[in-house]
Amino acid sequence: MLDQKRTGYFEGILSAILNTVLFTFKLWVGTATGSVAIVADAWHTLSDTLTSLIVIFGFWASSRPSDKEHPFGHGRAELVGGICIGILLGMVGINFLQDSYHQLKSHESADFNLTVIIVFSISVVLKEIIARFSIHFGKKFNSTSLVADGWHHRSDAIASALILAGVFLGKYFWWIDGVLGLGVSILILKVSFNIIKDAAYSILGEPASQEFLSEIQALAKSIVPEIEDIHHVHVHRYGDHIEVTLHIRLSGNRTLKESHDSATRLEVCMKENMNVEATIHMEPKYMDEESVALDLK
């Protein structure tokens, strides 16, 4: 049975090989036909290879143990690499945006043939299959990098489908290749923006989702029923390693040991059920921010 690390490696390696082969054929037919749209799509496919290598690197980095310099592990190395890939991908998109504009301006058309139809039909099918594989296991293992890579594959499948449409319409409209080139270039820029945005948001820090908070609430109520309130939940993600700090209010007059035992039970259960490292601050039922402020005066 595949575990998360093996699945990540398998998807990344399979994707890198498949995309490199598709890139070679697309670049060949694009150069032969003089199609800027096909050449742009070829480089879009190669960008999938780069993001798949990031997936492999991310799973490798996340599995490395923490050390003195990186006490929370190395999971964010994947995010830094993602930003670099996003920037490079954006440069590719801008370059082909310019090429498409110049092709339209000079009224150049492309000469499509049967080879283009075969290569891009195969590309659409294979890319959609690997997209579904990546998204399925990404959701199963709660891996954002696998889900993102899956959508990157799907964007390439859509771009290839657009090229196929252009093949059949090209004989009627000379400008179809240039317009499709613009479309694929914009798609590349959109993927680039999303990669950079998602990685940057994760590095800067994101609030806990309502689904995540509800999961904590439900777990706390089932394990430690004396908890009356959970607040000040802060989530810090380091790749697969997640640190959570939160405050809990406990009912009744409890000793320090009883309160500590309740907090420890919840920390252990969050580790076992949610795979997070929790640090819990305990408060008595009557404690609130106003009373704390008054006590400090």
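How far apart in helix α8 do D261 and K257 lie? Select both: they are four residues apart, about one turn of the helix.

**Before you go on**

This is a predicted model, where local features need pLDDT of at least 70 and side-chain atom pairs count only at pLDDT 80 or more, while totals for chains, interfaces and linings use all residues. Residues are numbered from 1 along each chain as its sequence is written, and side-chain values use heavy atoms, with hydrogens and water left out.

Helices (H or I, at least four residues) and strands (E, at least two) are DSSP runs, numbered from the N terminus.

**Stop 1: a pair in α8**

Stay on D261 and K257. They form a salt bridge, with the closest N and O atoms 2.9 Å apart. The term stands for a side-chain nitrogen of Lys or Arg within 4 Å of a carboxyl oxygen of Asp or Glu. By this rule the model has eight salt bridges.

Now check the surface. Buried means under 20% relative accessible area, exposed over 50%, and partly exposed in between (1.4 Å probe, protein chains only). K257 is exposed, at 59%. D261 is partly exposed, at 31%.

**Stop 2: helix α4**

Select residues 114–140, which make up α4. Pick out E128 and R132. Their salt bridge has its closest N and O atoms 2.9 Å apart. The two are four residues apart in the helix, so about one helical turn separates them. R132 is exposed, with a relative accessible area of 56%.

**Stop 3: a bridge between loops**

Next, select E226 and R254. Their side chains meet in a salt bridge, at 3.4 Å from N to O. E226 sits in the loop between α7 (210–223) and β1 (227–238), and R254 in the loop between β2 (241–250) and α8 (256–274), so the pair ties together parts that are 28 residues apart in sequence. E226 counts as buried, at 16% relative accessibility. R254 counts as partly exposed, at 29%.

**Stop 4: the sheet**

Show β1, β2 and β3 together. They form an open sheet of three strands in the order β1-β2-β3, with mixed pairing. Two strands pair if DSSP finds at least two bridges between them. β1 and β3 are the edge strands, each pairing on one side only. From one strand to the next, the twist averages 15°.

Select β2. Seven of its 10 residues are buried. Which way do β1 and β2 pair? They are antiparallel, over nine bridges. One place to look is R237, whose bridge partner in β2 is I242.

Now turn to β3 (residues 277–284). It runs parallel to β2, and eight bridges join the two. Select V244 and you will find A278 of β3 opposite. The chain crosses from β2 through α8 to β3, and this β-α-β crossover is right-handed. That means that, with the strands pointing away from the viewer, the path from the first strand over the helix to the second runs clockwise. H247 has H281 as its bridge partner in β3.

**Stop 5: helices on the sheet**

Contact here means heavy atoms within 4.5 Å. Axes are lines fitted to C-alpha atoms, for helices over the stretch in contact, and angles run from 0 to 180 degrees between N-to-C directions. α7 packs on the sheet and touches β1 and β2; its direction makes about 135° with that of β1. α8 also packs on the sheet, touching β1, β2 and β3; its direction makes about 150° with that of β3.
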